[in-house]
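Hello,

Here is the structure I promised to pass on. Please have a look, and then read on for what turned up in it.

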Amino acid sequence: MRHPFRHPFRQFVLKVHGHCNLACRYCYLYEAADHGWRDRPALMSDAVLDRTARRIADHAAAHRLRHAALVLHGGEPLLAGAGRLGHAVDRLRALLPEDCTLHPTVQTNGTLLTRDRLHALADHGIRVGVSLDGGLPAHNAARVDRAGRPAWSRAVRGLRLLAEERPDAYAGLLAVVDPRTDPAETYASLAALRPPRLDLLLPHGNWTAPPPGVTPDAADRPTPYGDWLVTAFDAWWDGGPGQPGVRLFEECLALLMGAPAGGESLGLTPFTAVVVETDGSIEQVDSLKSAYEGAAATGLDVFRHTFDEALAHPGIAARHAGAAALAPVCRACPLVRVCGGGQYAHRYRRGSGFANPSVYCADLQRLIRHAAGRLAAATRGPAR
């Protein structure tokens, strides 16, 4: 029988620890609109881990998944212990169908990475992604611990261990764009840390709570984030061999060429990630927590509900509707196939929900048109 859901979940984000050892001043999870983490246990229990593993395995079997991505997340997931993370991965591998390959990653701030923890993770096949704002101490002034001390030295120590001792386990870097920094310098400093991949993320903001430096309703507003990304794009494009893959740029180029690319930030490809919180609650992605209290909630949990039931949730179904879920002005835009309306959380406005363009609409247009120009010039080749 044909399964009713054409787009099953393929990425499962487990909040293995709900607290963090840092107190980054801009953190959308702990400093923004949703404070649901305060009412949840700090550590995901064995019972939640086991039931979640069974639910993921059932989902993979029902939808005949050949690959499943597992992201061990937080808070700071290494607070749960590397051995515990390894056990969770082994448990899920044992339950998955034989023809389904698990791709586990831990997303950490890097400060708790030690040689022993790194090898313990890698020995279980867990790749390590590190969040960092830039490759220089000055770029990371907002990343401090709970005593207000800079976290840079500990994070870069862990990163160097990763790059030098277990490059096979190095998943990449994740950095939030800060238009106050020099984009070419920031990109070069991140590339110098030898990541195989680099994610550049826009800060979470929306029409009701705009990101820093954005006046969204201005008639002719500047595009500080688009300008920053354009300069970083050129540094990457012109950098020659050995540059890391930059997901945002690669997806933009692929979409411009008509490839079925895209993720949470660009494109119309259905978004297939789901979150399990420390108490077993099934939620939508964390970025929605920047909109309002309870925006990511579904009312479901792994003890009483399957992931197929989560697929039927209206909020998740809207992420699978493609252009039909976008605002009319987005559907009429010539860039919609590439932009995809921007990240869902960035469309929120109090009173009209998510049926709006992205608060970064002008910035995304700036990047996409620039990338299109560079691509067209490269395709034409040198003038004769």
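A residue counts as exposed when its relative accessible area is over 50%, and as buried when that value is under 20%. Arg194 has a relative accessibility of 51%, so it falls in the exposed class. Please keep in mind that this is a predicted model.

You will find Arg194 in the loop between α6 (183–191) and β6 (197–201).

Arg64 is another non-glycine residue with a positive phi, here near 55°. Arg64 lies in the loop that runs between α2 (46–62) and β2. With a relative accessible area of 73%, Arg64 is exposed.

There is also a cis peptide bond to look at: the one from Gly74 to Gly75, where omega is near 15°. Gly75 belongs to the loop between β2 (67–73) and α3 (82–95).

Now for a helix. α5 covers residues 152–165, which makes 14 residues. From the first C-alpha of α5 to the last, the distance is 20 Å, close to the 20 Å expected at 1.5 Å a residue. Which residues of α5 are buried? They are Trp152, Ala155, Val156, Gly158, Leu159, Leu161, Leu162 and Ala163. Among the elements that cover these buried residues are α4 (115–123), β4 (127–131) and β5 (170–176).

Conventions: Residues are numbered from 1 along each chain as its sequence is written. This is a predicted model: local features need pLDDT of at least 70, side-chain atom pairs count only at pLDDT 80 or more; totals for chains, interfaces and linings use all residues. Side-chain values use heavy atoms; hydrogens and water are left out. Helices (H or I, at least four residues) and strands (E, at least two) are DSSP runs, numbered from the N terminus. Buried means under 20% relative accessible area, exposed over 50%, partly exposed in between (1.4 Å probe, protein chains only). The expected span of a helix is 1.5 Å times one less than its number of residues. Contact means heavy atoms within 4.5 Å.
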